[in-house]
Amino acid sequence: MDRVNATTPATPAGDPARAAFAALRTPEGEHLLAELRDHDPADELATATRLRRTHPAELVSAALGQARLRQRAVAKFGAEDAYRMYFTPNGVEQATRTSVATHRAARFAALGVRSVADLCCGIGGDAIALARAGIAVLAVDRDPLTAEVARANAEALGLGSLIEVRCADVTEVDTSPYDAVFVDPARRGGRGRIFDPEAYSPPLSWATAAALKAPRAALKIAPGIPHEAIGPEAEAEWISDGGDVKEAVLWYGEGFAPGSFRATLLPSGAALTAPAPLPAPPVGPVGRYLYEPDGAVIRAHLVADIVERCGGRLVDETIAYVTSDVPYSSPYVAGYEITDRLPFNMKRLKALLREREVGVLTVKKRGSAVEPEELRRRMKLSGPHSATVFLTRVAGAPTMLIGHPLE
């Protein structure tokens, strides 16, 4: 019996990955995926044995693999979308999470952008967000399977009329008909993450040149990119979501501020900006309060802005902890009241925590090699109270700061 839907695009002989994906899009494959939506990976062997009694073994393997990817994708896309979409292992790993893609699409839409060439589109996460913002998208990827997955995702989410998917080399695509360009170079290779921007695929220099040719453009890069690698033509934005830094974006063209730095915090959308690199902030003694800047603020080198706003200082010139003598509230920092400052000494810390009857200890560190889990284990905590300990350097000396979060 032919188990492949007649409407499924033909796949080249000798390409098992594309053949397996095509099988998943048949009625039989879709039925299997629906059945596996809530399956427990711990029971996968028993599930596979049962399903192979009534379905081809290759299809069962493909469906189980796709079910695992969908479960992983929920964290980025939410359950409603993830269980309708299709993924590849690299696609799940490299795709932009919905909250970040939506933020980027909103910035484009606010400037009147109505069409975008999405180069290196992957499985289509950014194209989906752009289309939902009412923007027509040309989504391009050179990998045939990835392009098929992106097309399937556009169709599955009802966005096929706004997203055209093309399998091509992005360096050969004419982007002149589009209002804007978005480039997301591959930053992973066979050996893992790629840290040299010129080893991206395509290289950062090519992506920057493509961005500069467009009326407006956005270039997604790793958040750890050295600031000296960012050209003066770009507005550089670092984005965190729920306190975790997710990515950096270089913006080009009308409506953006060349040479400026921006930290954006999601889901609130709070944004801190500076027109140029800020001077080094002052360093001084630990005060009553300690502030931990959001990671996006640190990556954007905007800690000096926080220091100025709170009238404070750094505890050490190399550490991004800000201290002040008066309380300060801001979406860009987490604040703590400091009760104790001690030279680094495990025995003294253990004695203090026992005296305070601390049973729950939050450990934060910057500039310390001590592992939080190891420290908690050695403290042998017991008691009804909680505390936060910062393992850091103060004026170059290893130091422990103990306190609690501000309301």
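## Briefing: cavity, pocket, strands and backbone

A search of the whole structure turns up one cavity of 30 Å³ or more. Here a cavity is a set of points on a 1 Å grid over the protein atoms alone where a 1.4 Å probe fits but cannot get out. This is a predicted model, in which local features need pLDDT of at least 70 and side-chain atom pairs count only at pLDDT 80 or more, while totals for chains, interfaces and linings use all residues. Residues are numbered from 1 along each chain as its sequence is written, and side-chain values use heavy atoms, with hydrogens and water left out.

**Largest cavity**

- The volume of the largest cavity is about 40 Å³, a volume being the space filled by probe spheres set on grid points joined across faces, edges and corners.
- Its lining consists of Ala101, Arg104, Ala105, Phe108, Asp126, Leu130 and Phe182; lining residues have an atom within 4 Å of a point.
- Five of these residues are nonpolar, none is polar and two are charged. Nonpolar covers Ala, Val, Leu, Ile, Met, Phe, Trp, Tyr, Cys and Pro; charged covers Asp, Glu, Lys and Arg; the others, Gly among them, are polar.
- Helix H7 (98-110) and helix H8 (125-132) each give at least two lining residues. H7 has the largest share, with four residues. Helices (H or I, at least four residues) and strands (E, at least two) are DSSP runs numbered from the N terminus.

**Second largest pocket**

- The second largest pocket has a volume of about 290 Å³. A pocket is an open set with protein on both sides within 12 Å along at least five of seven lines.
- It is lined by 16 residues, and Pro281, Ile298, His301, Val303 and Ala304 lie nearest its centre.
- The lining holds 12 nonpolar residues, three polar and one charged.
- Helix H12 (303-310) and strand S14 (319-324) each supply at least two of the lining residues.

**Seven-stranded sheet**

- Seven strands form an open sheet with mixed pairing, in the order S13-S14-S12-S15-S18-S17-S16. Two strands pair if DSSP finds at least two bridges between them.
- Strand S13 (313-316) and strand S16 (358-365) are the edges; each has a single partner strand, so one side of each lacks a neighbour in the sheet.
- Neighbouring strands of this sheet are turned by 40 degrees against each other on average, direction ignored.
- S13 and S14 are antiparallel, with three bridges. Arg313 stands opposite Thr323 in S14.
- Helix H14 (residues 372-379) packs on the sheet and touches S16 and strand S17 (385-394), its direction making about 155 degrees with that of S16. Contact means heavy atoms within 4.5 Å. Axes are lines fitted to C-alpha atoms, for helices over the stretch in contact, and angles run from 0 to 180 degrees between N-to-C directions.

**Strands S7, S8 and S9**

- Strand S7 (residues 216-221) pairs antiparallel with strand S9 (residues 244-253) over six bridges.
- Strand S8 (residues 235-241) runs antiparallel to S9, joined by seven bridges.
- Val249 in S9 stands opposite Lys220 and opposite Glu237.
- The hairpin of S8 and S9 has two residues between the strands, and Gly242 there has a positive phi near 65 degrees.

**Backbone exceptions**

- Most residues other than glycine have a negative phi, and most peptide bonds are trans.
- The Leu266 to Pro267 peptide bond is cis, with omega near 10 degrees. Pro267 sits in the loop between strand S10 (261-266) and strand S11 (270-274).
- Lys380 has a positive phi, near 50 degrees, and lies in the loop between H14 and S17.
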